[in-house]
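Here is a short tour for someone meeting this structure for the first time. Have a look at the model, then read on.

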Amino acid sequence: MQFNGNAEVLTSNDEKVGRIDRVVLDPKSNEMTHLVVQKGFLFVKDKVVPIDCVESATEERVELKEGCEDPDGFPDFEETHYVAVDEDTTSSEKGGSGNLKALVWYYPLPGGAWWRARNFAYHGIPKPPYVRKTEINIPDGTVPLEEGAKVVSREGEHVGDVERVYVDEEEQRVTHLLISKGLISKSRKLIPSMWVDSVREDEVRLSVDEHFVENLP
């Protein structure tokens, strides 16, 4: 199976669901666990779809198995929660919410129920009592690899960008990455997954030097 960024995702009845936004990988085992499907005709939010729900995948389209088209059956890719500052501090001290990033402060509306119940005496700019946190619903230890993620050699040289991911259909493991480089005249190389040293959302680092990539057909 091959998964191309922005490829259409359809149900078993050819109903358009959305488009592929990212693939979720386990960098240690090279296992592909989920797809992140952009909101579209059927999904009103970006959804995390298990790879087990994929019937087939080609360069242009991904077909889901029958029974895997209910949007309520899949978690949202991102969920936002408002956490009290005291609760957030306590959670961090206990080691909780370690993977969550504080994005913006949330202020309660003056005169609202929370405001009256607390009856705080604010002077000047009020201290933000809540923080908004975003949680990504993917398995622990996996990475949501972006289309166009930068690929660098062992010595840190940019050798291309991820264009497509190839997966063994039976084992659901990544076998190769198709990378491309150049603006007008693109060169494309097929990188074996055994050459991958580490994976982040926006970067894949290889365990080989640049000349190994250059010598690929």
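Accessible areas here come from the Shrake-Rupley method with a 1.4 Å probe. Keep in mind that this is a predicted model. Counted that way, the protein chain exposes about 12800 Å², and carbon and sulfur atoms supply 47% of that area.

As for the inside, buried residues make up 40% of the 217 residues in the protein chain. The secondary structure comes to 3 helices and 17 strands.

Now for some individual residues. The table puts four of them side by side.

| Residue | Relative accessible area | Class |
|---|---|---|
| E203 | 11% | buried |
| D76 | 14% | buried |
| W195 | 16% | buried |
| F212 | 39% | partly exposed |

Let's begin with D76. You'll find D76 in the loop between β7 (61–64) and β8 (78–84). Although D76 sits in a loop, D76 counts as buried because its relative accessible area of 14% is under the 20% cut-off. Which residues does D76 touch? Leaving aside residues up to four places away in sequence, they are K45, D46, K47, V48 and N137. With K47 there is also a polar contact, side chain to side chain, at 2.7 Å. F43 is 33 residues from D76 along the chain, and the C-alpha atoms of the two are separated by 9.7 Å.

Next up is E203, which belongs to strand β17 (residues 203–206). E203 is buried too, with a relative accessible area of 11%. Its contacts, again not counting residues up to four places away in sequence, are A149, K150, V152 and S198.

Last come the aromatic rings. How many aromatic pairs does the count come to? With ring centres required to lie within 6.5 Å, the count comes to 1 aromatic pair. The partners are W195 and F212, 6.2 Å centre to centre with 75° between the planes. The pair is edge-to-face because that 75° angle is over the 60 degrees required. W195 lies in the loop between β15 (187–192) and β16 (196–200), while F212 is part of helix α3 (residues 210–214). The two are 17 residues apart, and the pair links distant parts of the chain.

Note on methods. Residues numbered from 1 in each chain as written. Predicted model: local features only at pLDDT ≥ 70, side-chain atom pairs only at ≥ 80, totals over all residues. Heavy atoms only, no water. Phe/Tyr/Trp six-rings, centres within 6.5 Å; stacked < 30°, edge-to-face > 60°. Helix = DSSP H or I, 4+ residues; strand = E, 2+ residues; numbered from the N terminus. Buried < 20%, exposed > 50% of the residue type's maximum accessible area, 1.4 Å probe, protein only. Contact = heavy atoms within 4.5 Å. Polar contact = N/O pair within 3.5 Å; in protein donor to acceptor, adjacent residues only side chain to side chain.
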